[in-house]
Amino acid sequence: ENSSPTEFDNPIIKYDTDDPTRKKGDIIYTADPAAMVKDGTVYLYTTHDQQYKTGKDYRMYDYRLWTSTDMENWENKGAVLEYSDFDWARGDEKTGNAYAHHVVHRKDKTGKDRYYFYATVEGGQTNEAFGFSIGVGVSDSPDGPFEDPRGMPMILLEDTARHKSHTWRNIDPAVFIDDDDRAYLYWGNQQLWWVELEPDLIHLKGEKYSVSDDGTMQDRDTSDVEIHTVDTLPNFEEAPYVSKHNGLYYLVYAAGFPESLAYATSKSVTGPWEYQGIIMEPLPNTTTIHPAMFDFNGATYLAYHSAELPGGGSYRRSVCIDRVYFNPDGSIQTIKRTFT
Ligand code: FUB
């Protein structure tokens, strides 16, 4: 219990430097936390808000990594992936391109560690349409570099055209690997979708394709891929995150707008998901909240973002962490925010 803090110096990420003489200009705005735990270390991957103070939309170019072994001290590992690392990404210095992401780890058949970075990036549509796609980068190190083994996105506008047809519907990937080693990708804005992944974690189950000389895919065909929807989550807005605690599956998500934090539970990773309620109300200065729920050293934590640093706002957010406490029936208590 000593190693599981109950209060946090929120927001936990404030500066883009470890130099103790830091200045106001060293403030970094981070959002959309995704946690990966491995060998006694928490790897917290965040997006990076680079909007000017008065800007009216997201400007996001790279993904940042912060690591901790005690949940109190965070080491700044810098940018580990940029939107332009995807050849198919589209954007320029005026547009934001790197939305929320998720990172998982698995050993390959030879026992080698592999890290899979699922990212939301604009571009890569088959018909040159504007819109967000979900792509994947793979690395043998948690801090990258991540390389795109597909050469094209995993999820395109055409895959979800039947529901909620706006161009930012395919955002916010969350991958969960179940105890039987089967893996699932969840994502969506205003509609939650999920699909099973192939054991290689880079193809959708049932996806057909041929491979070109450089090993990347071409002629992608997803007509045999089963894309499921989850329709039991009231006010589902975005940012799904699936985890398992004490034998029960939890799906936390951003609900409504401005966003609250809601959750559902299930006995199976494929649902049905039973709505359980709101555990955090909208936060100061930001319309979004983007949760990640994870275990570390025997305790459960919630990472999310507020916008409470000087100059903060909906496009200049800050990652926070607080503890999650379960009731005996598995329900989650309202999250108590802490500031040390
Ligand atoms: O950070 C950009 C977008 O805002 C994310 O993809 C959403 O989850 C919301 O936090």
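The protein chain has 0 helices and 20 strands (DSSP runs, H or I of at least four residues for helices, E of at least two for strands, numbered from the N terminus). This is a predicted model: local features need pLDDT of at least 70, side-chain atom pairs count only at pLDDT 80 or more, and totals for chains, interfaces and linings use all residues. Residues are numbered from 1 along each chain as its sequence is written.

Reader: Why is K208 called partly exposed?

Author: Buried takes 20 or more other C-beta atoms within 10 Å, exposed 12 or fewer, and partly exposed lies in between; C-beta atoms are placed from the backbone. K208 has 14, so it is partly exposed. K208 lies in strand 11 (residues 208-211).

Reader: Which residues does K208 touch, not counting residues up to four places away in sequence?

Author: Contact needs C-beta atoms, placed from the backbone, within 7 Å. With that exclusion, K208 touches D221 and D224.

Reader: What makes a set of residues a nonpolar core?

Author: Its members are buried Ala, Val, Leu, Ile, Met, Phe, Trp, Tyr and Cys, joined through C-beta atoms within 7 Å. The largest has 94 residues. A35 is among those with the most contacts inside it.

How values were computed
Contact = placed C-beta atoms within 7 Å.
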